[in-house]
Amino acid sequence: MEVAKQEKGKKRTNQKFLLAFVFAAATVFLGIIIYVLPVVSDALTSTWILEYGTLQVTDKATCYVVRQESVCKATDSGSIQYYLEEGTMVRKGTKILDITPGSGTYTALENGIVSYYTDGKEGLFQPGSMEKLKKEELSELKDETKDTKRKSAASGETVYKLVGGDEWFLTYWIGEGDIAKYVEGNSVSVDLPLGKIRGTIYKIVDEDNGYQIILRFNRYYEDLCKIRILEDVTITTSDYEGLLLRNGSIATKDGQIGVYVKDLNGDYKFTPVSVITTDGEYSLVESGSFNQKTKDGIVKVETVEAYDEILNSPKSK
């Protein structure tokens, strides 16, 4: 009898343990349903609000300065007497320096900017021949600009140069994949060491493995006469304002690009978009509506507006 009672007690204990285990498992399962699944679901269907912003399309390049410049050399040896400071704008006939004894007075042969900085490459970087420059030939070139202002000069040595101040140029090279950013005549801005300066795309030269870009400037830049090679320069080819869209939100449906917009019922509706420009990570898109060419003619397409709630990752829906 005692053995039977002990067996019955063990059986009841096992049943209680099983019931407790089942209850605990059910509690965990309900917790997953109530708390965890909504979080996962929200992560898969995360959204963001479409707002206005700015988008800059830029390039980085090593640029070479091209300017109209003529070098003046001493015809005789002697002591130098300077009359003008570096960077002075002069008219033709203005006295620049004297070399005595011998050469006498040196005057400006044309209007321009007086500079005492030279690098020996004035003949290479001339506006009339800049389209013939080759990237490979310049890749090993080093900036050897130096100040030649001194107390005396020997015959044949450079004593100053005169730089044309009406216009100057920057040239650099881009790959084939970046050419869509450039249109001749368009305005650009360039970040130079002394600040940002605006210019225009003067010329695009098609080469075998890329393009040579030539930018034209007609504004004075303080260090113009001193610089030749500028590394890691940022060139902004486009600067837009509009509705800013993450490229990761863009999807395609039946050949039409668009995004999924959350409606009042919480559902996601595919809405076509028209991209104005992109930097690879973000795109600027038309707002309200845009015209689209179809086989039936031009049709007006309703599109996104500011403060629409956009599905962040269309692939998750």
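A: Happy to! The count comes to 13 salt bridges, where a salt bridge means a side-chain nitrogen of Lys or Arg within 4 Å of a carboxyl oxygen of Asp or Glu. Please keep in mind that this is a predicted model, in which local features need pLDDT of at least 70 and side-chain atom pairs count only at pLDDT 80 or more, while totals for chains, interfaces and linings use all residues. Residues are numbered from 1 along each chain as its sequence is written, and side-chain values use heavy atoms, with hydrogens and water left out.

Let's begin with Glu69 and Lys161, whose closest N and O atoms are 3.0 Å apart. This pair ties together distant parts of the chain: Glu69 sits in strand 2 and Lys161 in strand 11, 92 residues apart. Strands here are DSSP runs of E with at least two residues, helices are runs of H or I with at least four, and both are numbered from the N terminus. Are these two partners buried or exposed? Glu69 has a relative accessible area of 6%, so it is buried, and Lys161, at 1%, is buried too. The cut-offs are under 20% relative accessible area for buried, over 50% for exposed and partly exposed in between, using a 1.4 Å probe and protein chains only.

Now look at Arg150 and Glu157, whose side chains meet at 3.1 Å, N to O. Arg150 is partly exposed because its relative accessible area is 26%, and Glu157 is partly exposed as well, with 35%. Another salt bridge joins Lys181 to Asp178, with 3.5 Å between the closest N and O atoms. Lys181 has a relative accessible area of 22%, which means it is partly exposed; Asp178, at 27%, is also partly exposed. Elsewhere, salt bridges that share partners connect Arg67, Glu69, Asp119, Glu122, Lys161 and Arg228 into one network.

Strands 2 and 11, which hold our Glu69 and Lys161, turn up again in the largest nonpolar core, which has 27 residues. Such a core is a set of buried Ala, Val, Leu, Ile, Met, Phe, Trp, Tyr and Cys residues joined through side-chain atoms within 4.5 Å. The elements giving two or more residues to this core include strand 2 (51-73) and strand 11 (158-174), and the largest share, five residues, comes from strand 11. Leu170 is among the members that touch the most others. Beyond its neighbours within four places in sequence, Leu170 is in contact with residues including Cys63, Tyr64 and Val65, contact meaning heavy atoms within 4.5 Å.

Finally, Thr148 lies in the loop between strand 9 (146-147) and strand 10. Because its relative accessibility is 9%, Thr148 counts as buried. Its side chain reaches the backbone oxygen of Tyr116 at 2.6 Å. Leaving aside neighbours within four places in sequence, Thr148 is in contact with Tyr82, Tyr116, Thr118, Thr158 and Val159.

Methods: A polar contact is a pair of N or O atoms within 3.5 Å; within protein, one must be able to donate a hydrogen and the other to accept it, and residues adjacent in sequence count only if both atoms are side-chain atoms.
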